[in-house]
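Here are my notes for you to read alongside the model. Have the viewer open and click along as you go.

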Amino acid sequence: MLWLALHFPLLPLEALPWRRSPSAVVARGRIWVCDRAAAAAGVVAGQKLSTALGLQPGLAVGERDPVLECKALESLACWAGRFTPTVSLAPPAGLLLEIGGCLRLFGGAAAIVDAVNAGCAEQAYSVAWAAAPTPLGARWLAQAGTRALHPTPAAMQTALAGLACSVPDWPPEAVARLAACGLQRLGDLAQVPAAGLRRRIGNGPVDDLLRARGELADPQLPFVFPERFACDLELPARVEHAEALAFAGQRLFAALAGWLQVRQQLVRACSLHLTHDDGSASVLPLRLAEASADEARLLRLLREHLGRLQLAAPVAALRLVADDTCARPGASIALFAQPSAGEGAAACLERLRARLGEDAVRTLAWQPDHRPECATRMAEPAADSAAFPPSTASDAGSRPFWLLDTPQPLAERAGGPHWHGPLQLLTRGERLESGWWDGGEAGAAGDVRRDYFVARNPQGQWAWIFRDAQGWFLHGLFA
């Protein structure tokens with residue numbers, strides 16, 4: 001097994017809705033964590049708030065909120081599902097990803113680490129990482145900021161031996177006793193008899209050391225991905241322009257994409273619930289032309305909708321809900337290069353509907369009627385078996401894709417029809433008649449008796465014409 005540990009040192013700060021610099025989070029009147037700008041001024045964890053304000057008078061301070069930290073960590077766990085289905089929470093600010101079974105899928109551990117770092121940067125999270133064969137060993141190495149792969153037990157144990165005894169979350173009294181004995185590194189503890197070490201610092205730290213080294217079993221409680229996706233996000237400031245919500249919603253869609261990957265689902269429709277600062281709420285529905293799990297495609301669709309959205313009031317919080325999902329179909333890896341996902345006709349339809357409105361984009365579909373005027377209908381722009389296929393004149397007796405709104409009368413000369421010259425009939429007549437049931441009401445064709453032909457004029461144009469009791473008419477053109 002190979003565990004990738006992610007440690008988010010600034011999670012208490014980055015989980016808060018506001019973003020300012022320099023800034024810090026306090027708990028019980030003392031600095032809990034601070035950003036780099038505050039640290040550069042001398043602010044450190046454990047410092048009194050009054051001392052920190054003396055060092056940095058412009059310091060923005062927020063109270064620690066464990067509930068927001070927990071929500072942020074769970075959202076990150078959903079996002080991490082795109083890399084592996086085996087994710088465990090490591091409170092208060094860590095995740096554990098078992099990536100040993102996913103190496104071939106991504107092309108190696110280094111590729112997974114690069115993708116994880118890129119994803120954290122896109123969501124504006126600071127992260128330290130390490131990979132090792134044991135979960136606790138990887139976690140300690142990540143907290144120490146090693147940022148290295150230790151794929152073998154020997155390499156991991158060598159790296160652990162160099163860590164300070166203050167890295168594990170052991171009681172301060174135990175660390176102080178070790179320091180009094182001159183034991184500064186975890187590697188020093190291996191030289192001390194286990195029985196004496198247990199008497200000095202207790203069983204807990206010694207058992208932790210054995211788990212980290214792989215000498216004691218360390219099962220992890222897996223994160224349970226929710227059955228239905230719904231994720232909240234408080235905004236750092238009241239947003240008055242809809243376009244600004246695209247960046248704020250990026251964390252939500254990253255979590256949705258990871259959740260879809262783990263659940264092997266695709267989303268057909270989701271909704272972004274907006275909570276306004278006056279207490280009101282509104283909903284922005286997002287419908288896809290075809291089910292997808294592509295985060296970039298979802299974000300493009302969101303931006304198209306936000307470009308047309310007029311906010312009734314400033315927005316204070318967002319909630320993303322997956323309203324309609326379906327099972328992801330199985331597929332084999334393609335032998336040859338394939339076009340980029342999310343750039344086909346369905347994605348184009350989504351963008352057109354987002355820009356022009358839901359009712360402004362329609363497609364043609366068949367309906368059971370032999371009369372050409374009644375054989376098609378307007379339908380939702382979703383790919384299905386009823387889609388109207390284009391035809392060409394090379395198919396004898398086929399109907400053209402383009403029908404005239406009203407059949408155009410044709411001149412008759414020497415007993416034959418003319419359209420930009422004499423027309424040559426290429427097919428035998430196709431008799432279409434009847435339709436008495438609608439009586440020609442509401443634009444229906446009514447009762448017809450026609451003989452249809454595929455014809456061609458001297459310029460090479462192919463036409464669909466018919467003859468009835470009134471003469472010859474042009475009804476359609478072939479591509």
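1. Ground rules. This is a predicted model, where local features need pLDDT of at least 70, side-chain atom pairs count only at pLDDT 80 or more, and totals for chains, interfaces and linings use all residues. Residues are numbered from 1 along each chain as its sequence is written, and side-chain values use heavy atoms, with hydrogens and water left out.

2. The largest pocket. Its volume is about 660 Å³. A pocket here is an open set of points on a 1 Å grid over the protein atoms alone, with protein on both sides within 12 Å along at least five of seven lines; a cavity is a set of points where a 1.4 Å probe fits but cannot get out, and lining residues have an atom within 4 Å of a point. Grid points are joined across faces, edges and corners, and a volume is the space filled by probe spheres set on the points.

3. What lines that pocket? There are 33 lining residues, and Asp-232, Leu-233, Glu-234, Arg-251 and Leu-252 lie nearest the centre. Helix 4 (66–80), strand 8 (230–239), helix 13 (245–248) and helix 14 (250–263) each give two or more residues. Strand 8 gives the most, with nine. (Helices, H or I of at least four residues, and strands, E of at least two, are DSSP runs numbered from the N terminus.) By class, the lining has 22 nonpolar, three polar and eight charged residues. Ala, Val, Leu, Ile, Met, Phe, Trp, Tyr, Cys and Pro count as nonpolar, Asp, Glu, Lys and Arg as charged, and the others, Gly among them, as polar.

4. The cavity. Searching the whole structure turns up one cavity of 30 Å³ or more. The largest cavity has a volume of about 60 Å³, and its lining includes Gln-157, Leu-186 and Arg-213. Helix 8, helix 10 (186–189) and helix 12 (203–213) each supply at least two lining residues. The lining splits into six nonpolar, two polar and one charged.

5. Helix 7 on helix 8. Helix 7 (residues 135–143) and helix 8 (residues 153–161) pack at about 45 degrees, axes 10 Å apart. Axes are lines fitted to C-alpha atoms, for helices over the stretch in contact, and angles run from 0 to 180 degrees between N-to-C directions. That makes helix 7 oblique to helix 8; angles under 35 degrees count as roughly parallel, over 145 as roughly antiparallel, 65 to 115 as roughly perpendicular and the rest as oblique. Gly-137, Trp-140 and Leu-141 of helix 7 meet Met-156, Ala-159 and Leu-160 of helix 8, contact meaning heavy atoms within 4.5 Å. Five of these residues are nonpolar, one is polar and none is charged.

6. Helix 11 on helix 12. Helix 11 (residues 194–201) packs on helix 12 at about 130 degrees, with axes 7 Å apart, which makes this pair oblique too. Among the residues in contact are Leu-197 and Arg-198 of helix 11 and Asp-207 and Leu-210 of helix 12.

7. Most residues other than glycine have a negative phi, and most peptide bonds are trans. Pro-91 and Pro-92 are joined by a cis peptide bond, omega about 5 degrees. Gln-264, not a glycine, has a positive phi of about 55 degrees and sits in the loop between helix 14 and strand 9 (265–276).
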